[in-house]
Amino acid sequence: MLEQLKLIKQNAINEVETCNDIKELIELRVKYLGKKGPIQEAMKSMKDLDIEERKALGLVSNEVKDAISVAIDAKQGSLEALEVEKKLQSEFIDVSLPARGQNHGHTHLLNQVVEEIEDLFIGMGYDIAEGPEVEYDHYNFEMLNLPKGHPARDMQDSFYITEELLLRTHTSPVQARTMLKHEGKGPVKIICPGKVYRRDDDDATHSHQFMQIEGLVIGENITMSDLKGTLDVFAKKLFGENREIRFRPSFFPFTEPSVEVDVTCAKCKGEGCPMCKDSGYIEILGAGMVHPNVLKMAGFDHNKYQGFAFGIGAERIAILKYGIDDIRQFYTNDMRFNKQFSK
Ligand code: PHE
């Protein structure tokens, strides 16, 4: 009997040792230590033995059970440790690998320039006014001193939708609408950014659609020197403190007098070079004092109020500021171009 128990122990420990699977190990525990196991089986014959033999057998069977249980526990411990190790290996993250990187969008260069100009004028106390891109002839032309048949309408070749509706050729109609809202009372101090449309053949310097920022100031005792001072600040803030502006006489139907405004050439600083065609200056915008007819039509007393207006082409400013050689770059969305101007 004792021999039989030793054999059971030996077999059990051998099986436990060669077992490599937790599930199998649990089965082994049931197999050897469970109620129907070989030890329990062997003990059944105990009832035929005398008391001393029973004691001895009881002792040995307990020893055998303990030994098997210890072996199983030890094996379970090492198998579980192995399992954890395997899991760690399979879930290993190499934090030293280079990251994949992300593509971030950014504001388009043209909008960056528009926002810069807006900020500048907001800083000088201007409000931003906006209006429709599909506009009435009335606001786009007539209220700006351009009655039907006026030859100066040809300056802005237009896309008409009906006889009365067109794609606005400038943002001046927003100024007309804003003036009407003021019902003859000053002051008015606005800039009007937005898309405008003209019938042009697209090339390096022309685009049938472009971005304008027009400004309008109406108040009492407004003079041409207010206009000049304002545009001087604008040019210096945008292009650099060492830049100068100059006024050249010009013509716009809605301003009188009218001027073209030039800024000293960045390349030659006014000396004259091929970039500025030896003039030392580069044209940046058109401006003037609001024509009395325009004030009258918008309900302002032109004896009490005066005003100035200016029209900035955003592309032109961006072209000069960033040395861009083709206006179409703003609209063809070539990412090689766009990405150069991520802020
Ligand atoms: N509206 C003019 C244009 O688009 C620009 C401008 C505005 C000129 C205000 C003078 C004064 O051509």
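The entries below go from the ligand to the cavity and then to a pocket.

**Entry 1: the ligand shell.** I kept in mind from the start that this is a predicted model. I asked which residues lie closest to the ligand, and I found that 14 residues surround it, the closest being His170, Ser172, Arg198, Gln212 and Glu214. Sorting the shell by class, I noted seven polar residues, five nonpolar ones and two that are charged.

**Entry 2: polar atoms facing the ligand.** I then looked at individual atom pairs, starting with Arg198, where a polar side-chain atom lies 2.7 Å from an oxygen atom of the ligand. For Gln212 I wrote down a polar side-chain atom that is likewise 2.7 Å from a ligand oxygen atom. With Glu214 the ligand atom is a nitrogen, and this nitrogen is 2.6 Å from an N or O atom of the glutamate side chain. Next I checked how far the ligand is covered: taken alone it exposes 330 Å², and the protein buries 93% of that.

**Entry 3: elements behind the shell.** I looked up which elements give two or more residues to the shell around the ligand, and these are β5 (209–219), β8 (281–290) and β9 (306–313). Of the elements, β9 gives the most to this shell, with three residues.

**Entry 4: the cavity.** How many cavities of 30 Å³ or more does the structure hold? I found one cavity that reaches this volume, and I noted that about 50 Å³ of space lies in the largest cavity. The residues that line the largest cavity are Arg243, Val263, Thr264, Cys265, Ala266, Met275, Ile282 and Leu320. By class, I recorded six nonpolar residues in this lining, together with one polar and one charged residue.

**Entry 5: the second largest pocket.** The class count for the lining of the second largest pocket came out as seven polar, four nonpolar and one charged.

Methods: Residues numbered from 1 in each chain as written. Predicted model: local features only at pLDDT ≥ 70, side-chain atom pairs only at ≥ 80, totals over all residues. Heavy atoms only, no water. Near = heavy atom within 4 Å. Polar contact = N/O pair within 3.5 Å; in protein donor to acceptor, adjacent residues only side chain to side chain. Areas by Shrake-Rupley, 256 points an atom, 1.4 Å probe, with all protein chains shown as cover. Helix = DSSP H or I, 4+ residues; strand = E, 2+ residues; numbered from the N terminus. Nonpolar A, V, L, I, M, F, W, Y, C, P; charged D, E, K, R; others polar. 1 Å grid on protein atoms, 1.4 Å probe; cavity = no way out; pocket = protein on both sides within 12 Å on 5 of 7 lines; lining within 4 Å. Points joined across faces, edges and corners; volume = space filled by probe spheres on them.
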